[in-house]
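Please read them with the structure open beside you.

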Amino acid sequence: MFSGIVEEMATVVAIKRDKGNIDLTMKCSFTNELKIDQSISHNGVCLTVVNIEGETYTVTAMKETLDRSNLGLLKIGDYVNVERSMIMNGRLDGHLVQGHVDETAKCINIKDADGSTYFTFEYKQDKEMAKKGYFTVDKGSVTVNGVSLTVCEPTEDTFTVAIIPYTRANTNFCDVRLESCVNIEFDILGKYIARLQSI
């Protein structure tokens, strides 16, 4: 479980394809604190550390993960938002994030907000999935590339988030442009409520 508060941007230093899987080797400042089998969120995707070597560590993304996320689009040198799992003994600064990305979304608008920035994203509309809680609500939570954010101006297939300068500088929102593909995870609370209403 994660909070959606990104610790830092890791850098992709190697990519190895193995049948339907991809091994991603990353470099970040806390590699020396990691251990094998540890869970880390990568652009909102929970992946397991399978190897540690010097200043780098490696995780494996399987086909299901690649089909639902933007990890298969990564290139060497790209920045990835990383967060270690929550320690359940303090404040929850973001919201409850599972690290189970639901789908990708496309950036369709970027607007200056007098210092901050509004980003609008469009995702595939699916009425059956919406009935299961896969949607956004005004002032609700959503995770974009692992960042916990508050929704504004949601529609059936779009939502907008406001990014303060600190978040833009310290996450890979610094690289988000029009047409950029991002990972989204809808709020787990909405999914549970939708499920309860269906039974």
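1. Start with aspartate 138 and lysine 139, which form a salt bridge whose closest N and O atoms are 3.7 Å apart. Aspartate 138 counts as partly exposed because its relative accessibility is 44%. Lysine 139, with a relative accessible area of 61%, is exposed. Bear in mind here and below that this is a predicted model.

2. Salt bridges also occur as a network: Glu7, Glu33 and Arg84 are joined into one by bridges that share partners. In total, the structure holds eleven salt bridges.

3. Aspartate 102 and lysine 191 deserve a separate look. Their closest N and O atoms are 2.9 Å apart, and the two residues form a salt bridge. Aspartate 102 sits in the loop between S6 and S7, while lysine 191 belongs to helix H4 (residues 188-198), so this pair ties together parts that are 89 residues apart in sequence. Are these two residues buried or exposed? Both aspartate 102 and lysine 191 are buried.

4. A further salt bridge links the side chains of glutamate 179 and lysine 106, at 3.9 Å from N to O. Glutamate 179 is in the loop between helix H3 (165-170) and S12, and lysine 106 is in strand S7, so the pair ties together parts that are 73 residues apart in sequence. With a relative accessible area of 55%, glutamate 179 is exposed. Lysine 106 has a relative accessible area of 31% and is partly exposed.

5. Now follow strand S7 itself. Which strands does S7 pair with? One is strand S12 (residues 181-186): S7 (residues 103-113) runs antiparallel to S12, and four bridges join the two. Within this pairing, glutamate 103 has isoleucine 184 of S12 as its bridge partner. Another is strand S8 (residues 116-123), also antiparallel to S7 and joined to it by eight bridges.

6. S9 pairs with strand S10 (residues 147-152) in the antiparallel sense, over four bridges. Serine 141 stands opposite threonine 150 of S10. S9 and S10 form a hairpin with two residues between them, and asparagine 145 in the turn has a positive phi of about 50 degrees.

7. S9 also pairs with S12, antiparallel, over three bridges. In that pairing, valine 142 has phenylalanine 186 of S12 as its bridge partner.

8. Met1, Leu92 and Leu96 make a nonpolar surface patch of about 250 Å². Leucine 96 lies in the loop between strand S6 (79-84) and S7, and counts as partly exposed because its relative accessibility is 34%. Elsewhere, lysine 127 lies in helix H2 (residues 127-131) and is exposed, with a relative accessible area of 55%. Lysine 127 and glutamate 156 are 29 residues apart in sequence, and their C-alpha atoms are 9.0 Å apart in space.

9. Finally, consider the chain as a whole. The chain has four helices and twelve strands. Why does its radius of gyration agree with that of a compact globule? A compact globule of 199 residues would have a radius near 16 Å, and the chain has 16 Å, so the two agree. Along its principal axes, the C-alpha trace spans about 45 × 45 × 40 Å.

10. Some totals complete the picture. Of the 199 residues, 43% count as buried. Among contacts with a separation of 6 or more, 67% come from residues 24 or more positions apart. The accessible surface of the chain is about 10900 Å², and carbon and sulfur atoms account for 51% of that surface.

Technical notes
Residues numbered from 1 in each chain as written. Predicted model: local features only at pLDDT ≥ 70, side-chain atom pairs only at ≥ 80, totals over all residues. Heavy atoms only, no water. Pairing = 2+ DSSP bridges. Patch = residues over 30% accessible without salt bridge, like charges linked within 9 Å, V, L, I, M, F, W, Y side chains within 5 Å. Areas by Shrake-Rupley, 256 points an atom, 1.4 Å probe, with all protein chains shown as cover. Salt bridge = Lys/Arg side-chain N within 4 Å of Asp/Glu carboxyl O. Buried < 20%, exposed > 50% of the residue type's maximum accessible area, 1.4 Å probe, protein only. Rg over C-alpha atoms; globule rule 2.2 N^0.38 Å. Contact = heavy atoms within 4.5 Å.
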